[in-house]
Amino acid sequence: MASPAPPLKDAVGALDRDPFVALLAKLIGETQRLQNDPPEHVPQEDLVAQHVLDVLRPLSTDTGGGPLLVRKVSYTEGRSNVIVEYPGTVPGRVVSFVGMHMDVVPANPNEWDFDPFSLTFDSDDKEKLRGRGTTDCLGHVALVTQLMRRLGEVKPALKHSVIAVFIANEENSSVTGIGVDGLVKDGLLDKLKTGPLFWIDTADKQPCIGTGGMIPWHLKATGKLFHSGLAHKAINSMELNMDALKEIQTRFYNDFPAHEKEKLYKFATPSTIKPTKWSYPGGGLNQIPGECTVSGDIRLTPFYSTSFVVKKLQEYVDDINANLETKLPTRGPVSKYVLPDENLRGRLEIAFDGDIMNGVACNLESRGFKALCKATQEIVGHVEPYSITGSLPLIRELQDEGFDVQTAGYGLLKTYHAKNEYCLFPDMAQGFQVFVSIISQLEADA
């Protein structure tokens, strides 16, 4: 009689540092060509995809060396996605790890204390792995590649198929249809709907159960340019914009206050609207500017509709324009936004960028969430789900398509998109064990 198979965690073992670090070093070494900020920086995710394929194809059906099903999917030259499946024995049983993206945000080497484009080690802490992408998100690319490698080597008998999806083009939304959005559109991820989908692109080893929507906006004020010594003949566009923005913010916070569900989801902040950039055509200090633009964003908890917020902001602006004399205070005895003698009125225009993102609230009753929490408690020692109004592209769209999306990550939030980015190997090692625990739990339920 054959002896029973060992538990999955014993068969797969812990994260092996040497192959993980070796792969991560190759990935970080490509980051100069992975920066995503077009048109100056157009990433070539194929460079990362090839390293992933070099690890996994020897264990695939393509080579006859193992059970992995490996597929590279490209929608534009040089920018690939990779789908890897370890097949289970029961149709419809699946668990997936998605969102490990192969592009990075730009880095300026002159602002870093070490080379962002190569993997280096802290002389005082060998567990600290340094370089652009270590936390976001090449560390996760290397981590999930090692998970799939071990499954391909050990060949455990699983009822569930385990699927990993490495994606292109996460860090920029000006180009669409070439990353996970393209995969969803083509139905290549449909089979993932029958099981939990873990989006591996957050940080700090805890379940991230909520993210914010994001609405970029630009408020342009047009007044009348004139000599600053004759302020009574001008409409100061800067003052108009400042007073209008204050009125818009006041109305926004009245219409979109802290939502009752934000406490349940442990959001650090409610929805916010704030300016982040000013611009104007230029001029002398003795000129009152005739136009200027203030830009910013709204971070919206997922319990409000982004489209409704956009509609309300347009209503605010229309109302202020129609009632400048009564809706806005002026500044000083000659400041004004209407010049009746000249039949001139100040004017506001609001515009929104096309890359509006919706927030997500994960399903706290789903099997995926409960498995993630139990695994985190078991491996990390405590579980503290959190939510932030930072935004993750694409995952709300996946949820709307019917996927049970949960999010987690094993880098460090404090180094996310930051100078001197790094991750810690022990955190990544715990992430590996969390993944194995999730698979084990689902297998026990099957």
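**Exercise 1. A helix across a sheet**

Task: Determine which strands helix α6 lies across, and describe the sheet that they form.

Solution. The model is a predicted one.

Step 1. Helix α6 (residues 237-255) lies across β9 (213-222), β11, β13 and β16, and runs at about 165° to β11.

Step 2. Helix α8 (residues 306-322) also packs on the sheet, where it touches β9, β11, β13 and β16. The direction of α8 makes about 170° with that of β16.

Step 3. These four strands form an open sheet with antiparallel pairing, in the order β11-β13-β9-β16. At the edges stand β11 (272-279) and β16 (347-352), each of which pairs on one side only. From one strand to the next, the twist averages 25°.

Step 4. One pairing may be examined in detail. Seven bridges connect β11 with strand β13 (residues 291-300) in the antiparallel sense, and Lys-274 stands opposite Asp-297 in β13.

**Exercise 2. Two helix pairs**

Task: State how the axes of α2 and α3 are arranged, and classify the pair by its angle.

Solution. 

Step 1. Two packed helices are described by the angle between their axes and the distance between the axes.

Step 2. For helix α2 (residues 17-28) and helix α3 (residues 46-56), the axes come within 9 Å and cross at roughly 160°. Angles over 145 degrees count as roughly antiparallel, and α2 and α3 are therefore roughly antiparallel to each other. Their crossing is right-handed.

Step 3. On the α2 side, the contact is made by Leu-23, Lys-26 and Leu-27; on the α3 side, by Val-48, His-51 and Val-55. By class, the contact residues of α2 with α3 comprise four nonpolar, one polar and one charged.

Step 4. The crossing of α2 and α4 is right-handed.

Step 5. Residues of α2 that meet α4 include Pro-19, Phe-20 and Leu-23, and among their counterparts in α4 are Leu-138, Val-141 and Arg-149. The contact of α2 with α4 divides into 10 nonpolar residues, three polar and one charged.

**Exercise 3. A strand with two neighbours**

Task: Are the residues of strand β6 buried or exposed, and which strands does β6 join?

Solution. 

Step 1. Strand β6 (residues 161-167) is mostly covered, as seven of its seven residues are buried. Here, buried means under 20% relative accessible area.

Step 2. Both faces are covered: Ser-161, Ile-163, Val-165 and Ile-167 lie on one side, and Val-162, Ala-164 and Phe-166 on the other.

Step 3. Strand β2 (residues 79-86) runs antiparallel to β6 and is joined to it by five bridges; Val-84 stands opposite Ala-164. Strand β3 (residues 94-101) runs parallel to β6, with seven bridges, and Met-100 stands opposite Phe-166.

Definitions and conventions
Residues are numbered from 1 along each chain as its sequence is written. This is a predicted model: local features need pLDDT of at least 70, side-chain atom pairs count only at pLDDT 80 or more; totals for chains, interfaces and linings use all residues. Side-chain values use heavy atoms; hydrogens and water are left out. Axes are lines fitted to C-alpha atoms, for helices over the stretch in contact, and angles run from 0 to 180 degrees between N-to-C directions. Angles under 35 degrees count as roughly parallel, over 145 as roughly antiparallel, 65 to 115 as roughly perpendicular and the rest as oblique. A crossing is left-handed if the near helix is turned anticlockwise from the far one by less than a right angle, and right-handed if clockwise. Contact means heavy atoms within 4.5 Å. Ala, Val, Leu, Ile, Met, Phe, Trp, Tyr, Cys and Pro count as nonpolar, Asp, Glu, Lys and Arg as charged, and the others, Gly among them, as polar. Buried means under 20% relative accessible area, exposed over 50%, partly exposed in between (1.4 Å probe, protein chains only). Two strands pair if DSSP finds at least two bridges between them.
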